[in-house]
Amino acid sequence: MKKIVIFGVGDFAQLAYYYFKYDSDFEVIAFTINKNFIKEKFLLKLPVIPFEEIESVFPSSEFGLFIAVGYSQMNKVRASIYAQAKKMGYTLVSYINSKAITWGDLSMGDNCFVFENVVIQPFVNIGDDVVIWSGNHIGHHSSIGDHCFITSHVVVSGNVQIGPYCFLGVNS
């Protein structure tokens with residue numbers, strides 16, 4: 001199992017922990033968040049480590065990272081943390097739920113999270129740091145830019161280009 005740390009302590013981070021634990025080859029060993037946001041030392045019985053100290057506790061040479069932050073400021077908060085983690089040398093892991101439908105030619109960047117009941121047709125390109133929530137359809141020959149957040153039950157038809165930093169709301 002590949003050991004990872006999740007950045008975040010909110011609902012998305014807790015969901016990511018659950019999906020990684022029960023539907024992946026990753027082992028979540030801790031959570032991290034900026035020191036001034038830490039309210040509890042443990043979450044789901046795992047330690048919460050200040051992000052400012054993460055390299056000394058969980059070095060990038062041995063541990064991966066997943067940034068489980070929502071769409072605040074049109075995804076710019078998550079993108080900023082993503083850039084910091086990359087600069088620190090962390091491998092940012094991606095996850096595709098086993099109940100999602102994808103094809104072998106899917107091109108997807110790092111720090112992406114694809115929930116269950118998502119259909120991603122052939123010839124789709126997904127950038128870095130993209131969240132695709134449950135029940136979506138991503139049509140053939142489409143492209144999703146970096147740092148996007150697609151909520152539940154979104155339909156993206158074939159040959160659609162979604163630029164970076166986009167947010168697509170429920171049922172759009």
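**Close-up views of a predicted model**

**View 1. Arginine 78 and aspartate 129 meet in a salt bridge.** Arginine 78 counts as buried, at 0% relative accessibility (buried means under 20% relative accessible area, exposed over 50%, and partly exposed in between, with a 1.4 Å probe and protein chains only). Aspartate 129 is likewise buried, with a relative accessible area of 0%. The N to O distance between the two side chains is 2.9 Å (a salt bridge is a side-chain nitrogen of Lys or Arg within 4 Å of a carboxyl oxygen of Asp or Glu). Arginine 78 lies in helix H3 and aspartate 129 in the loop between E10 and strand E11 (131-132), so the pair ties together parts that are 51 residues apart in sequence. Helices (H or I, at least four residues) and strands (E, at least two) are DSSP runs, numbered from the N terminus. This is a predicted model, in which local features need pLDDT of at least 70 and side-chain atom pairs count only at pLDDT 80 or more, while totals for chains, interfaces and linings use all residues. Residues are numbered from 1 along each chain as its sequence is written, and side-chain values use heavy atoms, with hydrogens and water left out.

**View 2. Lysine 86 forms a salt bridge with aspartate 110.** The closest N and O atoms of the pair are 2.7 Å apart. Lysine 86 is in helix H3, and aspartate 110 is in the loop between E7 and strand E8 (113-114), 24 residues apart. Lysine 86 is partly exposed, at 39% relative accessible area, whereas aspartate 110 is buried, at 16%.

**View 3. Lysine 35 and glutamate 53 are joined by a salt bridge.** Their N to O distance is 3.4 Å. Lysine 35 sits in the loop between strand E2 (26-33) and strand E3 (42-43), and glutamate 53 in the loop between strand E4 (46-50) and helix H2 (54-57). Lysine 35 is partly exposed, with a relative accessible area of 47%; glutamate 53 is partly exposed too, with 33%. The structure holds 3 salt bridges.

**View 4. An open sheet has 4 strands in the order E7-E10-E13-E16.** The pairing is parallel (two strands pair if DSSP finds at least two bridges between them). Strand E7 (107-108) and strand E16 (161-162) are the edge strands, and each pairs on one side only. E7 is joined to strand E10 (residues 125-126) by 2 bridges. Methionine 108 has isoleucine 126, in E10, as its bridge partner.
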